[in-house]
Number of protein chains: 4
Amino acid sequence: MSRDVSNRKLRAGIVGGGRGSFIGAVHHVAVELDGEAEVVAGAMSTDPQTAAASAKAWYLDRSYDDYKEMAKAEAGRPDGIDFVMITTPNHMHFPVAKAFLEQGIHVVSEKPMTFSLEEAQELVKTVENSNLVYALMHNYTGYPAVRQARYMVRQGELGDIRKVLVEYIQDWLMAPEEKAGNKQAVWRTDPTKSGIAGCVGDIGTHAENLLEFITGVKIASLSADLTTFVEGRLLDDDANMLLHLENGGKGVLTCSQVAAGEENALNIRIYGSKAALEWHQMEPNTLIFKAPNQPGQILRTGLPYMSAEAKQLTRLPPGHPEGFFEAFANIYKLVIEDIRRVQAGQQPVGGYPNVYDGLRGIQFVYKAVESSKKGSVWLDM
Amino acid sequence: MSRDVSNRKLRAGIVGGGRGSFIGAVHHVAVELDGEAEVVAGAMSTDPQTAAASAKAWYLDRSYDDYKEMAKAEAGRPDGIDFVMITTPNHMHFPVAKAFLEQGIHVVSEKPMTFSLEEAQELVKTVENSNLVYALMHNYTGYPAVRQARYMVRQGELGDIRKVLVEYIQDWLMAPEEKAGNKQAVWRTDPTKSGIAGCVGDIGTHAENLLEFITGVKIASLSADLTTFVEGRLLDDDANMLLHLENGGKGVLTCSQVAAGEENALNIRIYGSKAALEWHQMEPNTLIFKAPNQPGQILRTGLPYMSAEAKQLTRLPPGHPEGFFEAFANIYKLVIEDIRRVQAGQQPVGGYPNVYDGLRGIQFVYKAVESSKKGSVWLDM
Amino acid sequence: MSRDVSNRKLRAGIVGGGRGSFIGAVHHVAVELDGEAEVVAGAMSTDPQTAAASAKAWYLDRSYDDYKEMAKAEAGRPDGIDFVMITTPNHMHFPVAKAFLEQGIHVVSEKPMTFSLEEAQELVKTVENSNLVYALMHNYTGYPAVRQARYMVRQGELGDIRKVLVEYIQDWLMAPEEKAGNKQAVWRTDPTKSGIAGCVGDIGTHAENLLEFITGVKIASLSADLTTFVEGRLLDDDANMLLHLENGGKGVLTCSQVAAGEENALNIRIYGSKAALEWHQMEPNTLIFKAPNQPGQILRTGLPYMSAEAKQLTRLPPGHPEGFFEAFANIYKLVIEDIRRVQAGQQPVGGYPNVYDGLRGIQFVYKAVESSKKGSVWLDM
Amino acid sequence: MSRDVSNRKLRAGIVGGGRGSFIGAVHHVAVELDGEAEVVAGAMSTDPQTAAASAKAWYLDRSYDDYKEMAKAEAGRPDGIDFVMITTPNHMHFPVAKAFLEQGIHVVSEKPMTFSLEEAQELVKTVENSNLVYALMHNYTGYPAVRQARYMVRQGELGDIRKVLVEYIQDWLMAPEEKAGNKQAVWRTDPTKSGIAGCVGDIGTHAENLLEFITGVKIASLSADLTTFVEGRLLDDDANMLLHLENGGKGVLTCSQVAAGEENALNIRIYGSKAALEWHQMEPNTLIFKAPNQPGQILRTGLPYMSAEAKQLTRLPPGHPEGFFEAFANIYKLVIEDIRRVQAGQQPVGGYPNVYDGLRGIQFVYKAVESSKKGSVWLDM
């Protein structure tokens, strides 16, 4: 695409996200939040009527019955979309991304990046061979406090990372929701749509990504114990893992979708040789810094002592809470800036999860499943 | 206006909100957040260059140098704005609102409603004589947990309201920011732009409004003690008040803009003859319910036990924090639905702060200032 | 008394505290907690059988039917008590204190110091004319975090004190417990035993004392609004007050015994021209320090950065919670050290609430009651 | 012993606890807190001068240079001690316990029960063959909220236990304190005094004990990863473990003494098929109950809805915080009641950790160390 995108909002398309979808609506709000993009076209459902009704409800200019048709048509229009948002179930992430990339359209995709490891490896190549932006929606990296945490680790304020405790626990699959027809639950617990893992793929990957994003340290190996607590469910709904980090640090990752009373508890504690950090997604504007024999510190987004990269992703003064949508929108903010750069012939600068993070997430899922099957043996990642 | 607004986004205009404005940008995000309206025109500054640059930065279709010209022009266009958002300093709220109402354009205004009591009384009449929606942006009433609190009080879960402790404390005016040229501080501490009160008008009114909104009980009288702590400041920057409620209940209202280390702490505790509620704006998705000899309850937005009116204003599942923008957007959501109703010839249903709430806010400010001057005497509201 | 108290535990007596008493048992635990004193004698009830049974249950050496008899007898014994603990209802505080002081026995008394202002003034003189230790049990000043707060204010870390918000709220008198025969409630709501105030005397005085103890700034005047919410109750069960501090600062004091769901919420926030402190009795080992544009700090008892006076009153390493008994015991620790000094012919050093604090508390109660009766007029203290 | 202990305080002896000891002083406060026992004799140090000075500082009647001599002498006195408290380093727990048990004296011992597994097995037999009370000081089981948690699990309020997350993290060994001569650190990191494990033995056992105490479910097997982060240290200072519970549940146990900024963070979360519980030792009077689609509940000690077994161990009304000493004293309370029963010829009722819990703790340490050495293999407990 050599389209000029300066002096106008970017035009976005969406695949998936039809009525009843949760994440499609989130992308809609997030992508438009800063007034820098507008959703104008969609292939929002495989059911043509739902697709049309969903597009109308969003006042879209153009609705398609099929994502391939959409990719082709939009690429051919002078007012076609600049990028596409992929918000389908997991098994469609890869083919949709490929279709749009091949038409020269930038991509923002829901995670996990692909259904299988092979697809992930192929997508890496596709993106490498393009001159296009590909972003993976690990939205939790969009929180300013998470950026601040990463900054403080990089500055050496924690010393060497020794121990990381990361957890992502929810309760929404405590009952066999998939049998009750809950659309979100049905595909997430279906191996043909979700992939080889349930909970580990759906939320464990966010925990894995967050750990590596903040610390800058890779997980070297893992020993996993996956469980399916709800009778009849085909995929794991809970997992505990021991981690070895590449720098000699240790870790624990636990995730669950059957943890009674937990809403969306993504929490991380990082202990270094000098100090520690603690962050809780459900109170996202607070970052706790702890050092031995010093008063604990409560860092808050919006205040002048925050780092430039945290401030860049903060829209409001302190005490005016920003949340999930804003963090999501922060990924879009960075992506949109990069699309503008690429379209202007400049180099993208990144700062959002990309195709390599996506590949790593798929590898993590595969290793966790294999380790657990083999009796929690240690496997290198 | 007899314009048909079905099957399209509403078109919004903005007065004020030019570069350097805080609240203008908030309105921009909030009004568009649900994809039901789009800002297309503005008179964003009294300085023509700033106005034009601000409008361009937002990709607006039309920029005006003057709000009166804008009101007239937009009213005359077939694609003119459906409503205007007023985000100027206080002294302009009234003339701008009047200008657009007189052109048949719906209004959403920042608070306080007007500069003076006389203006407030006149505006009430103007709105009463129109068939237009007028909404006042007491945005904190947009939080779902606040709606839940109101619902629970109405349901009688607290019994008779006995004691209310409401506070709104910040620290951003601890130093003489107005002398340092902080644009927000300059007009807020200038009696010719802010009105007869500083802190009491700026944030005390939010506390007063929140108390009455949730409890449904009016403040009958007050005894106030206003202070200006920062030397040379012309208006109050701190106030404490005793309250008598119309039902025999008692209360305390405290507000400050010089409370070291406080960000935007709007907090309320309501004690009834049966039970109590507690809410903190900085952790807005949590509502605490306390009854004697029972475990305290933590109610959380997004969960099925919440009331219909709280759910209606919640976009995300539990644990996915919604914040300041979303609450703000909730007021717009209710307003936009009412504008659609009015344009379709139906009755508006309200649910957002209106011109009577605005009048009450102005009265509150006047009584507080007078009581304090007279030695904290009790004055009826 | 010229008794040698070195190389042995001090011997304590108790008046009041018989079966069913709450505070008597607390004194028992607290006075012996450090192994520096032992309760050996008591006049624990006006009912001889209860007195004897209560003394036996505590394994006391000597039980008396009458406090006057006890004072005389103990003063005459070589192994008599070194000090007495007064844990009776309010109306007995004065005569009991006087009786023991006149026998040369040191006194630790429950608050309020006396039943009436006249008694308070007389007791001041009695103590001044003795060479004895008189301590008033404002136990909340015994918390190490409270001492730390006082230290930080003294060090100037807050700058000038501008605003204090202090509150003490409970719910245990929400129902007419006095009619149900609750022993604690019966005398506390009986003007012939409690004095001219209910809630204000019982807990409001703790709030007043805490404010002055930490800030070192006196309340110059107050405007009070007392309420009796429970029908048929003879004394106030709730109060709100505006405060003027002698240094030009302002304050709010609120107390209640009918605040649904509140346990024993004594909370204080102190805002200065440079920084602020916040402390909550129900989480007593934490002190929060807040300064503009700096991360909030969480100070915790037991850590090396705490002041010497906080450390002196801390027995355990950080994270090993100390609570109500330990704070109570800290007052006894300071008192016992002073009694040892006086008995050794040295000067007492104080550090615990004394007869002047007691007088001030009584004045506070009188002024609050009078102000409220006169329509919340400002009265100098 | 056929001594009559009715109508008097019990007499306690102490081994260890000399000057500079932390835990000895805690036992002193705790055992006497309820006024039901008094420490009268001790062998407080292997250094005779320290022993004598320590005993004098506590006003003990009798000081011994040697615990064997003490056991013999006390057993022979008509006013000899009724029970002994063992507060020495780990390697002495077994011989001291044995010496006193053989003299017919009841024992309360610090954990871990013994230095080695062999000793533990022998001690079980010794106790079984005696008619004496043996209690192991897992003091955290003394908190009323922990008892409440156990009660609620037993009542079936959580359903089947599915997942337990238990952690005990501190930072006091972040630096090589043992090289700086910190007495507590020296023996705890010395394999000849501490045993085969460091952190796992010192605090990991508390976590293990707490998990089994509350849930009533045994750990079936574990996979452990122990680390020594501080260079030159001879024992582990950090560990992560995966757990399989005997009922099919899963768990994670993590402990650390090098977790920057952590004080004494013993935390447990228990997720069942119906609901969950959460407890934090550093805020011990609160127990959080969470069930899907219901408001979270905050249970607080001292309130009427608590179970009888929680109330039995609560001394104060709600909101009057009880802490570490009081929980410790609760174990003594139960033990003292049992000693009174046994001395009166009745059956003991237990309720405190005993010799079987002690054996289990030692087994846990051995299995954790072995699993870690073998590459985190699963080992049955």
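**Exercise 1. Helix α2 of chain A**

Which residues of helix α2 (residues 48–57) of chain A are buried? Find them, then describe the surroundings of the helix.

*Solution.* The model is predicted, so local features need pLDDT of at least 70 and side-chain atom pairs count only at pLDDT 80 or more, while totals for chains, interfaces and linings use all residues. Residues are numbered from 1 along each chain as its sequence is written, and chains are lettered from A and ligands numbered from 1 in the order in which they are written.

Step 1. Helices (H or I, at least four residues) and strands (E, at least two) are DSSP runs, numbered from the N terminus. A residue is buried if 20 or more other C-beta atoms lie within 10 Å of its own, exposed if 12 or fewer, and partly exposed in between, with C-beta atoms placed from the backbone.

Step 2. Apply them. A:Ala51, A:Ser54 and A:Ala55 are the buried residues of α2. Seen down the axis of α2(A), these fall within an arc of 100° (taken from the directions from the helix axis to the C-beta atoms), so they line one face of the helix.

Step 3. Look at both sides. The buried residues pack against β2 (37–43) and β3 (62–63) of chain A; contact here requires C-beta atoms, placed from the backbone, within 7 Å. The face turned away from the buried side carries the exposed residues A:Gln49, A:Lys56 and A:Ala57.

Step 4. Follow the chain onward. Just after α2(A), A:Tyr59 has a positive phi of about 60°.

**Exercise 2. Chain A as a whole**

Describe the fold of chain A and its division into domains.

*Solution.* Step 1. Chain A holds 12 helices and 15 strands. Its radius of gyration, taken over C-alpha atoms, is 20 Å, close to the 21 Å of the globule rule (2.2 Å times the number of residues to the power 0.38), so chain A is as compact as a globular protein of 381 residues.

Step 1. Of the 381 residues, 64% are buried. Among contacts in chain A with a separation of 6 or more, 69% join residues 24 or more positions apart.

Step 2. The assignment, which is automatic or from a database, gives domain 1 (10–140 + 330–350) and domain 2 (144–315 + 361–380).

**Exercise 3. Chain A and its partners**

How are chain A and chain B related, and which elements of chain A touch chain B and chain D?

*Solution.* Step 1. Superpose the copies by least squares on the C-alpha atoms of residues with pLDDT of at least 70 in both. A rotation of 180° with 0.0 Å of shift along its axis places chain A on chain B (RMSD 0.0 Å). The two copies are thus related as by a two-fold rotation axis. A:Gly323 is the residue of chain A that comes closest to this axis, at 2.8 Å (C-alpha).

Step 1. Turn to chain D, where the contact takes 32 residues from chain A and 32 residues from chain D. Here β7 (161–169), β8 (219–227), β9 (238–245), β10 (250–256) and β11 (265–272) of chain A each supply at least two residues. β10(A) gives the most, with 4 residues.

Terms used. Two residues are in contact if their C-beta atoms, placed from the backbone, lie within 7 Å.
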